[in-house]
Every structure is written in C-alpha cells, then in structure tokens.
Amino acid sequence: MQPLPNDLARNRPGDAVRRKILELQPNPVLRLIDRRRPGSDIWSWADGLTGERLTGRQLNKLRGRGWFTLHAIQWASGADIDHLAIGPAGVFSINSKRHRGKTVWYGDTAVTVNGSPTRHIAVSQSEARRISRALSTRCGADVPVRPVISVVHAAKLTVKGANPPVLVLAVEHLGRVLSGLSPTLSTDQVTHIYGAARDARTWVG
C-alpha cells in the first residue's frame, strides 16, 4: 500500500502524549526532573506514555497476520485515539490504562481501581461510537468498532461476565485474544478500512 498524504501509519505509540509533555515543559532538563517527580503533571503524562508504548508493542505483533495497527490518531479537537487495530475480527479502538500495582475489577458496566469507580467503560464506548461514525462516513458503509481497554502493570485484574460490552484485557493478552476472535471482515474490507483510517482527513470532523 503506497504512503498517503498525512499518513497516520507513521505515528508511533504515544506520539500524542509526547507532544503534550513537550508542550507542558519545553526545557529538556526540567522535563527530565519532572518526569521523576511523583505527582507532577509531567510524571502523570509520562506514566501514561509508558502504558501506550507497551500496548503499542503488543498490538504491533499482530502485523503480518492480516492485521493493521495505528497509534496516536488525533481528532481536530486535539483529543486523540490511543490505538486502532483493524483485522479479520473487525475494528477495535484500544485505550491504554496503566494502573501500576493496583487491583482492577471489571463487571458488566463498570471498572474499579482499588475499589474506586472509574469512567473507563463509558469513555471507551463513546470513543468507539465516534470512531465508527467517522470510518463509516469515509468508507461509505457501516463500520462497527468494538472498544478495548488495555490494562498495564496492574497487580491483579478480575473480569466478570462472559460477553462484556467492552473487552478489558491485560496488555500481554491483547494479541492472543484479538487474533483468536472469529473473523467478520474479508481481506478486501480490512484493506479498505485501513486505507481510510490511516488518512488524517478521516478524523477532521
């Protein structure tokens, strides 16, 4: 597939976070200090960057098995999509969540971290719907998108429910689970959707 103008396939995992860190602290020395200072804004963003890089590394292992992956897709609003995986089993929007050393529990409708509720599920579902609308418009056909949460460095992850609306997976299981799902797209459909997804013009709305 030939490179496209504004080809998002060139993005690295975490590129949007890297830009945010540089924006918050342009000075490289102060930036390094803040990255090592727990509680600072830079420290929090750098923590997220680690999660996105690890998630991206696992997703990129799907390449060569009929899958395509994209990272750090930026909307016109400035918000970004951590990762997209497009393959025989469909289209998946993946949010990376690093909860180092914490206990993560997922029921049918909520994720808690050390017993405290989060908005992970609602946010992931909303993002998947928005991505589906953008890709469907660009492709001229309905493109369902399933949301996924990649949990990084949790001490324990418990998932209840046989068919949850959002897949919540430990980062190391991402590739195995996604590649093991039943095929829903042909090779031509995968290629067509990936072509739309990698073009930055798809995400201007």
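## A first look at the cores and helices

The largest nonpolar core has 21 residues, and the members that touch the most others are Leu84, Val91, Ile131, Leu135 and Trp203. A nonpolar core here is a set of buried Ala, Val, Leu, Ile, Met, Phe, Trp, Tyr and Cys residues joined through side-chain atoms within 4.5 Å. Buried means under 20% relative accessible area, exposed means over 50%, and partly exposed is in between (1.4 Å probe, protein chains only). Two or more residues of this core come from each of strand S1 (68-74), strand S2 (80-87), helix H4 (120-139) and helix H6 (187-197). Those labels follow DSSP runs, numbered from the N terminus: helices are H or I with at least four residues, strands are E with at least two. Apart from this core lies another one, of 15 residues, including Val152, Leu167, Leu174 and Leu178.

Before going on, keep in mind that this is a predicted model, where local features need pLDDT of at least 70, side-chain atom pairs count only at pLDDT 80 or more, and totals for chains, interfaces and linings use all residues. Residues are numbered from 1 along each chain as its sequence is written, and side-chain values use heavy atoms, with hydrogens and water left out.

What does valine 91 touch, leaving aside its neighbours within four places in sequence? Valine 91 is in contact with Leu84, Ala85, Ile86, Leu135, Val143, Pro144, Val145, Arg146, Leu185 and Ile193. Contact just means heavy atoms within 4.5 Å.

### Helix H4 and its partner

Now for H4 and H6. The two helices pack at an angle of about 110°, with their axes 10 Å apart. Axes are lines fitted to C-alpha atoms, for helices over the stretch in contact, and angles run from 0 to 180 degrees between N-to-C directions. H4 and H6 are therefore roughly perpendicular to each other, a label for angles of 65 to 115 degrees (under 35 is roughly parallel, over 145 roughly antiparallel, and the rest oblique). On the H4 side, Leu135, Arg138 and Cys139 meet His192, Ile193, Ala196 and Ala197 of H6. Sorted by class, this contact has five nonpolar, one polar and one charged residues. Ala, Val, Leu, Ile, Met, Phe, Trp, Tyr, Cys and Pro count as nonpolar, Asp, Glu, Lys and Arg as charged, and the others, Gly among them, as polar.

How far should the 20 residues of H4 span at 1.5 Å a residue? The answer is 28 Å, and the end C-alpha atoms of H4 are 28 Å apart, which agrees. The expected span is 1.5 Å times one less than the number of residues in the helix. Helix H3 (residues 41-60) also gets this check: H3 has 20 residues and reaches 28 Å from its first C-alpha to its last, close to the 28 Å expected.

Quite a few H4 residues are buried, among them His120, Ile121, Glu127, Ala128 and Ile131. In H3, the buried residues include Ile42, Ala46, Asp47, Leu49 and Glu52.

Serine 124 is in H4 and counts as buried at 1% relative accessibility. Beyond its neighbours within four places in sequence, serine 124 is in contact with Asn95, Pro147, Ile149 and Val166. Serine 132 also sits in H4, and it is buried with a relative accessible area of 13%. Not counting residues up to four places away in sequence, serine 132 touches Asp142, Val143, Pro144 and Val145.

Here are some C-alpha to C-alpha distances for residue pairs.

| Pair | Apart in sequence | Apart in space |
|---|---|---|
| Serine 124 and isoleucine 81 | 43 residues | 10.0 Å |
| Serine 132 and aspartate 142 | ten residues | 7.7 Å |
| Leucine 30 and isoleucine 42 | twelve residues | 9.8 Å |

Leucine 30 belongs to helix H2 (residues 28-35) and is partly exposed at 42% relative accessibility. Alanine 76 lies in the loop between S1 and S2 and is exposed, with a relative accessible area of 57%. Alanine 76 touches Trp203 and Val204, not counting residues up to four places away in sequence.

### Positive phi values

Most residues other than glycine have a negative phi. Alanine 72 has a positive phi, near 50°. Alanine 72 lies in strand S1 and is buried, with a relative accessible area of 2%. Asparagine 114 also has a positive phi near 50°. Asparagine 114 is in the loop between strand S5 (111-113) and strand S6 (116-117), and is partly exposed at 48% relative accessible area.
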